[in-house]
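Welcome! Please take a moment to look over the sequence and the 3D view before reading on.

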Amino acid sequence: MYRILKKTAACISAISIVIGATALSFFLISPHMTSATTGVLFGFPALILCAFLSGMLFIQKKITTRLYHLLFDRNENALFREFIDRLRFCYSLDDFCKMIVDVLEYKADGAALLMEPSHNYILYNSAAHITARTATALTLQFNYPESWPHGLFFLNDELGITSSKKHARGFFIADVNMRLYVFCRIIQMIEHSLLTELQEEFTHFLNRSKTISSLAYIAEISTEWMQLAETQASFLPQKLPAINHLKLAVYYRPFVNVSGDYYAVLPVTEHKTVVLLGDVSGKGLSAALIMGLVVNTVKIIENKEDLAGIVQTIDKAIKNMHLEDKYTVLFLGIIDTKRMRLSYINASLTAPFVVSPTASGTEIRRLESTAVPVGIIDMALPTVADIPLVPRSVIILGTDGIFEVTNTDNVQLGDSRAMRNAVANAIDTDPAHCIDEIIALLTRYSANGRAHDDMTMLVAQIEA
């Protein structure tokens, strides 16, 4: 593809020179000239013709470059963009190798070599001559050992480092436990920002695949579910962050060792904090996989203020895992203590409470759902709601294991007068005490006094 397009551009520009030179010759040397006149004027037209040809050679180079750009450059940037977009939703080595074949090899006429540097294992190599040769792998192993620094580097024809993309034969991405080598003659035409983005997404892919592989590995080799539970718990915050103007407390109690509940608190700026709480359908390994996927996605995504984009990314990721009847309900919000606002998406989680002091007493609001469950049905762009906060406002998030517990009259705790009284007192105490009161109430309220589901609650209060 590369050679065909380049030859096409060169032929078109060469033909234009021939046509131009022929036309100029007829114009300068008229057939009505006498031999004497021709002899006198021959030198002058010849000079003009030489100057014309020199100019046309310069124009040829410009035409070739322009045609090459129109026919080739834009298309290849689009192919690399496609590769990056697909990489965002790639979760296994098999998916990644298939993506190399579909995009880098078939569409971009390139070749790739994927190596694990600590043992020099070749995990994938294209059938192209350069990547299939044993000498290539040995040279790369010698030149770029495990101790090589992380980053993006350009390769010349001798497989050495070149600082100029203009003279590059390819490039490679060095990560902690992986090397991705890509050879493509059109690398000079790829925007550098795309290559940098590819490096970032490759790192995210390695983290995702490692997370899922570790969970699957433990589930396969161990009869002790506690090991899986410990791995799953490592995805959750070991300690809540200290955040200015915001008090936080959490309660997390799995019904069995492996839970489908999850939560996260992530500072974005000095004044903005992401809060996440959710519940995966079902129990066991598949629920643990989705829980790890959701938490990891929110942690690594760059623009944490794009709530709708985050939820859509999670939705696509869960669907790409092809786990039957698995989905998650979740609440994702940003607390802004400077603007005193809460922006949020409630994807079918049991409606949280927001309690605020007012001049006339205490206001209690329920944040009803703004989106469908994530990962199972078609999802339009989720609606981001926004409400005001005031000093001492309290946000109470909880899963169905808390708010949907029923009493002997089959009334859910979240809808009861006892619950409204408990949350109304939240503005006069701290989040930890608020949780203690609600858990004590739950024990008294439950019809049989026992839990039947995972129980998770996250409480945040704006400092006065």
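The short report below visits a helix, a helix pair and a strand residue.

## About the model

This is a predicted model, in which local features need pLDDT of at least 70, side-chain atom pairs count only at pLDDT 80 or more, and totals for chains, interfaces and linings use all residues. Residues are numbered from 1 along each chain as its sequence is written, and side-chain values use heavy atoms, leaving out hydrogens and water.

## Helix α9

Let's start with helix α9, residues 284–300. Helices here are DSSP runs (H or I, at least four residues), as strands are (E, at least two), numbered from the N terminus. At 1.5 Å times one less than its number of residues, the 17 residues of α9 should span 24 Å, and the 25 Å between its end C-alpha atoms agrees with that.

Of these 17 residues, 14 are buried (under 20% relative accessible area with a 1.4 Å probe, protein chains only; over 50% is exposed and in between is partly exposed).

## Helices α12 and α13

Next, α12 (residues 417–424) packs against α13 (residues 431–445) at about 165°, with axes 9 Å apart. Axes are lines fitted to C-alpha atoms over the stretch in contact, and angles run from 0 to 180 degrees between N-to-C directions. The two helices are therefore roughly antiparallel (over 145 degrees).

A418, M419, A422 and V423 of α12 meet E437, I438 and L441 of α13, contact being heavy atoms within 4.5 Å.

## Residue N346

Finally, N346 sits in strand β11, residues 341–347. N346 is buried, with a relative accessible area of 0%. Beyond neighbours within four places in sequence, its contacts include L330, F331 and P352.

Terms used:
Angles under 35 degrees count as roughly parallel, over 145 as roughly antiparallel, 65 to 115 as roughly perpendicular and the rest as oblique.
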